[in-house]
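Subject: Structure for your review

Dear colleague,

Please find below the structure that I am handing over to you, followed by an account of what was found in it. I would be grateful if you read the account with the structure open beside it.

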Amino acid sequence: MSELVRRDPRKAWIARNRLHPQHLEVLAELGGGAVASEWMGPNGVMRRNPHAVGFIGPNGIRRIDRSGAQQAAQAPGRSVEAKDARRHVAIDAPAFMVAVVPDMAGGRLSSHDRDLLGLARQLADADPAQPGAVVAIVFGEHKETAFGEAGIDRLIHLEGERFSGYLPELSVATLQGVDREMAPRYWLLPDSSVGGELGRRLAARLGERPAAQVWQVEADAESATGWRCTARGAAGRNDITRSLPRIVLALAECADPISETRHAAEPINLSHGLPDVLGRIEDMGEVAVDPASVSLAEAEFILSAGNGVKDWDSYHHAAEVLGATKGASRVAVDDGFMPRDRQVGATGTWVSARVYVAVGISGAIQHLQGIQSCDKVVAVNLDEGCDMVKRADLAVIGDASAVLAALVKRVEQYRAEQQENRDAA
Ligand SMILES: Cc1cc2nc3c(=O)[nH]c(=O)nc-3n(C[C@H](O)[C@H](O)[C@H](O)COP(=O)(O)OP(=O)(O)OC[C@H]3O[C@@H](n4cnc5c(N)ncnc54)[C@H](O)[C@@H]3O)c2cc1C
């Protein structure tokens with residue numbers, strides 16, 4: 001068969017015409033299944049589709065891969081597996097260690113934890129000739145299955161009854177043991193309510209001055225450590241730049257999470273065993289809180305209502321049954337259905353819930369800005385083309401009242417079954 005590459009000028013024209021109804025279809029065909037970012041035009045000149053460059057990241061923002069690895073994966077002939085394949089990296093003899101203590105809120109790596117691990121990799125991989133390894137120390141039970149994908153080379157998992165609950169004294173003593181055994185070059189903790197406290201305790205125990213509220217770390221040849229960090233100071237009014245210290249308490253978005261490599265996440269144990277600590281703090285267990293009294297900025301699960309909600313009683317009832325914190329769009333607030341302190345968005349509260357359910361909210365840019373740090377977004381809307389549905393990880397297309405009523409029914413049914421099982425046991 002001839003080696004000649006045959007081009008279809010009509011298809012090439014459709015590929016160039018973004019408004020043509022078959023545009024995406026033809027681009028996908030030219031790109032071997034994926035929407036091509038580059039293809040050969042009819043006159044042999046390479047054409048580039050700027051809209052197909054990059055990919056949509058976990059927070060709904062388009063990310064552009066400047067290394068070219070993603071585009072290479074999209075080249076015709078590559079399989080889907082190849083597109084998703086991450087480079088496997090094993091660091092057998094690390095030159096040094098970077099220790100990370102993730103929050104593991106809800107038993108999983110949070111987006112804040114992943115950003116921190118991205119920062120850890122930045123520090124560990126700075127010198128390819130002498131790479132460091134990232135060791136994560138995880139307390140208590142967890143449900144995480146993708147430690148390696150998040151950039152972890154070694155994993156110290158402290159499990160069992162002894163490590164569940166609020167145990168700052170035991171946790172700090174354990175971290176001190178890790179410090180003695182591995183002497184990490186850096187300690188990274190999230191500057192959150194949990195990690196921030198633990199990090200400050202660790203710094204006091206090790207007698208070191210940490211950098212808190214760090215939002216940026218950059219290489220700096222003139223600095224003593226080769227790195228400088230920028231941190232919020234003066235109650236968030238100023239930025240402080242200093243040489244990167246050994247203990248770093250970093251804010252969310254301090255670095256990009258890892259997306260291209262998979263690491264070994266090899267489980268390891270502490271060779272000196274676990275410390276024996278006679279704690280003076282006793283964990284009395286969790287206290288049930290009224291979700292309505294939780295501030296929006298700290299809420300983990302938000303049921304937010306917009307202009308599409310017509311039956312407000314059923315919305316309030318659903319929030320109570322689901323145990324969700326209530327949020328609202330600006331229209332719902334301006335119309336007097338929700339108080340001002342419940343407004344989510346650019347001119348309201350920026351939220352970072354693990355689950356954000358947007359009921360009857362169209363997804364205006366000002367609203368989306370306020371939810372960009374949420375882990376999972378669920379949209380309930382009549383309009384399948386609205387921006388909230390595009391942003392959502394899961395969308396339910398239907399009437400808000402009907403969907404909420406069905407949800408409440410399912411939850412109540414589930415709870416009744418659980419109760420029956422408990423009674424029977
Ligand atoms: C300077 C400035 C700052 C702003 N700041 C904010 C801010 O901080 N937060 C904020 O939220 N907005 C803010 N806004 C307003 C923003 O631009 C939008 O107007 C607002 O977010 C729209 O609210 P909404 O989605 O509830 O209403 P709409 O845009 O009216 O959307 C209603 C949605 O409900 C759906 N719907 C209708 N009926 C049903 C039904 N029966 N069941 C299910 N779905 C249904 C519709 O399909 C639609 O998608 C700001 C605007 C400006 C100019």
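Glu144 is placed in the loop between strand E7 (133-139) and strand E8 (154-158). Please bear in mind throughout that this is a predicted model.

Is Glu144 buried or exposed? Its relative accessibility is 9%, and because buried means under 20%, Glu144 counts as buried. A polar atom of the Glu144 side chain lies 2.8 Å from the backbone nitrogen of Leu109. Leaving aside neighbours within four places in sequence, the residues in contact with Glu144 are Met104, Gly107, Arg108, Leu109 and Arg114.

The next topic is the nonpolar interior. In soluble globular proteins, nonpolar side chains tend to be buried together. The largest nonpolar core here has 32 residues, of which Val98, Leu123, Phe147, Leu188, Val214, Val217 and Leu244 touch the most other members. Two or more residues of this core come from each of strand E6 (97-100), helix H5 (111-124), E7, strand E9 (186-190), strand E10 (211-219), strand E11 (227-233) and strand E13 (247-250). Which of these elements gives the most to the core? That element is H5, with 6 residues.

Phe147 deserves a separate look. Not counting residues up to four places away in sequence, Phe147 touches Met104, Leu109, Val138, His142, Ile152, Leu155 and Ala265. Another core, of 26 residues, lies apart from the largest one; among its members are Val89, Ala133, Val178 and Leu198.

Finally, I turn to a pair of helices. The axes of helix H8 (residues 312-322) and helix H12 (residues 400-424) come within 10 Å and cross at roughly 30°. Angles under 35 degrees count as roughly parallel, and H8 and H12 are therefore roughly parallel to each other. The crossing of H8 past H12 is left-handed. On the H8 side, the contact is made by Ser314, Tyr315, His317, Ala318, Val321 and Leu322. On the H12 side, the contact is made by Ser401, Leu404, Leu407, Val408, Val411, Glu412 and Arg415.

At 40% relative accessibility, His317 counts as partly exposed. Not counting residues up to four places away in sequence, His317 touches Val408 and Glu412. How far apart are His317 and Leu404 in sequence and in space? They are 87 residues apart in sequence and 9.1 Å apart in space, C-alpha to C-alpha.

Yours sincerely

Definitions and conventions. Residues numbered from 1 in each chain as written. Predicted model: local features only at pLDDT ≥ 70, side-chain atom pairs only at ≥ 80, totals over all residues. Heavy atoms only, no water. Helix = DSSP H or I, 4+ residues; strand = E, 2+ residues; numbered from the N terminus. Buried < 20%, exposed > 50% of the residue type's maximum accessible area, 1.4 Å probe, protein only. Polar contact = N/O pair within 3.5 Å; in protein donor to acceptor, adjacent residues only side chain to side chain. Contact = heavy atoms within 4.5 Å. Core = buried A, V, L, I, M, F, W, Y, C linked by side-chain atoms within 4.5 Å. Axes fitted to C-alpha atoms, helices over the stretch in contact; angles between N-to-C directions. Parallel < 35°, antiparallel > 145°, perpendicular 65-115°, else oblique. Left-handed = near helix turned anticlockwise from the far one by under 90°.
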